[in-house]
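The following exercises concern a single protein chain. Each task is followed by a solution in steps.

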Amino acid sequence: MNREHPPAKEHNMSALSTMLHVGQRLHVSRKTTKSIESFIYRHPVTQNLRANCRLEESRPHLWAPEFLRTESLLGGSMAGSEKITVPPYIFHEKNGKRCVMIMHIGSNVCSHPGIVHGGLLATLLDECFAWCCFPRFPKRVGVTANLSVDYRAPAPANSYYLLNAEVVKLEGRKAWLKGHIEKLEAGYGDSTLIAEGHALFVEPKKADGLGGVYLT
């Protein structure tokens with residue numbers, strides 16, 4: 001999976017009009033999209049992340065060209081009503097040390113009724129790890145060499161989630177990371193730990209052909 005960080009965008013409520021237009025083309029109702037966007041945008045966790053001067057905010061799955069979105073997993077086939085309902089909010093440290101993602105997951109990605117598929121959770125952790133470590137590589141691109149996930153609690157569908165990733169060791173073309181997924185509650189409610197993971201990412205020796213802007 002290959003991604004490159006797009007330029008940081010200034011985010012405010014006016015961006016919702018663009019998101020609503022995208023949402024309608026993905027068969028998400030205007031009312032549902034607006035409600036989900038508002039919850040994430042106004043949540044205290046989002047506001048605290050946005051106030052952290054060490055973090056840059058981006059929404060690559062929203063601002064990327066349509067030809068990239070249609071061929072990507074999170075930005076294309078997994079995006080839309082009852083799946084990855086709105087493009088994730090991403091906050092990353094400028095030096096690539098840490099990455100945080102906030103998203104809403106619907107009900108059409110379940111393994112058991114009302115429970116999000118564990119394979120999707122692993123994919124989302126992998127995505128967060130990648131956004132975290134890619135800036136640390138000279139070519140700004142890498143591949144997953146190893147990914148392990150420990151599941152701590154069921155992940156209810158139609159819920160909001162917070163993903164955290166951190167580079168714990170960097171050695172040449174290798175980056176070791178750890179991270180976790182939490183269920184994001186309203187206001188300052190206690191979050192529930194859903195899964196924890198570790199990963200090893202490697203920059204390929206022949207990385208030139210993997211350059212450019214990619215979305216998972």
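Of the 216 residues of the protein chain, 49% count as buried, where buried means under 20% relative accessible area, exposed over 50%, and partly exposed in between (1.4 Å probe, protein chains only). The model is predicted: local features need pLDDT of at least 70 and side-chain atom pairs count only at pLDDT 80 or more, whereas totals for chains, interfaces and linings use all residues. Residues are numbered from 1 along each chain as its sequence is written, and side-chain values use heavy atoms, with hydrogens and water left out.

**Exercise 1. Confidence and overall composition**

Task: State the mean pLDDT of the protein chain and identify where pLDDT stays under 50.

Solution. 
- Step 1. The predictor's confidence in each residue, pLDDT, runs from 0 to 100. Its mean over the protein chain is 82, and 78% of the residues reach 70 or more.
- Step 2. Residues 1-28 stay under 50 in pLDDT. For this segment the model has 67 contacts beyond four places in sequence, a contact being heavy atoms within 4.5 Å. Where pLDDT is low, the predicted coordinates should not be read in detail.
- Step 3. The secondary structure comprises seven helices and nine strands. These are DSSP runs numbered from the N terminus: helices are H or I with at least four residues, strands E with at least two.
- Step 4. Among contacts between residues at least 6 apart in sequence, 73% join residues at least 24 apart.
- Step 5. The protein chain exposes about 10100 Å², of which carbon and sulfur atoms supply 52%; accessible areas come from the Shrake-Rupley method with a 1.4 Å probe, and for residues only the protein chains shown count as cover.

**Exercise 2. The nonpolar cores**

Solution. 
- Step 1. A nonpolar core is a set of buried Ala, Val, Leu, Ile, Met, Phe, Trp, Tyr and Cys residues joined through side-chain atoms within 4.5 Å. The largest one has 38 residues, and Ile105 and Phe201 have the most contacts inside it.
- Step 2. Helix 7 gives the most, with 11 residues.
- Step 3. Beyond four places in sequence, the residues that Ile105 touches include Ile84, Val116, Leu120, Leu124 and Tyr161.
- Step 4. A second, separate core has 13 residues, among them Tyr41, Leu49, Phe91 and Ile102.

**Exercise 3. Salt bridges**

Task: How many salt bridges does a search of the whole structure find? Describe the pairs Arg50 and Glu57, Lys97 and Glu166, and Arg152 and Asp150.

Solution. 
- Step 1. The search finds seven, a salt bridge being a side-chain nitrogen of Lys or Arg within 4 Å of a carboxyl oxygen of Asp or Glu.
- Step 2. Arg50 and Glu57 meet at 2.9 Å, N to O. Arg50 is partly exposed at 24% relative accessible area, whereas Glu57 is buried at 9%.
- Step 3. Lys97 and Glu166 meet at 3.9 Å, N to O. Lys97 lies in the loop between strand 2 (89-93) and strand 3 (98-105) and Glu166 in strand 7 (residues 159-171), so the pair ties together parts that are 69 residues apart in sequence. Lys97, at 30% relative accessibility, is partly exposed, and Glu166 is partly exposed at 31%.
- Step 4. Arg152 and Asp150 meet at 3.8 Å, N to O. Salt bridges that share partners join Asp150, Arg152 and Glu196 into one network.

**Exercise 4. Cysteines and positive phi**

Task: How many disulfides does the structure hold? Where is Arg140 found, and where does Asn158 lie?

Solution. 
- Step 1. The structure holds zero disulfides, a disulfide being a pair of cysteine sulfur atoms within 2.5 Å.
- Step 2. For the sulfur of Cys128, the closest cysteine sulfur is in Cys99, at 4.1 Å, too far for a bond. Cys128 is buried, at 0% relative accessibility.
- Step 3. For the sulfur of Cys132, the closest cysteine sulfur is in Cys99, at 5.8 Å, again too far for a bond. Cys132 is buried at 1%.
- Step 4. Arg140 is found in the loop between helix 7 and strand 6 (143-151). Its phi is near 55°, a positive value in a residue other than glycine.
- Step 5. Asn158 lies in the loop between strand 6 and strand 7, with phi near 55°. Asn158 is partly exposed, at 45% relative accessibility.
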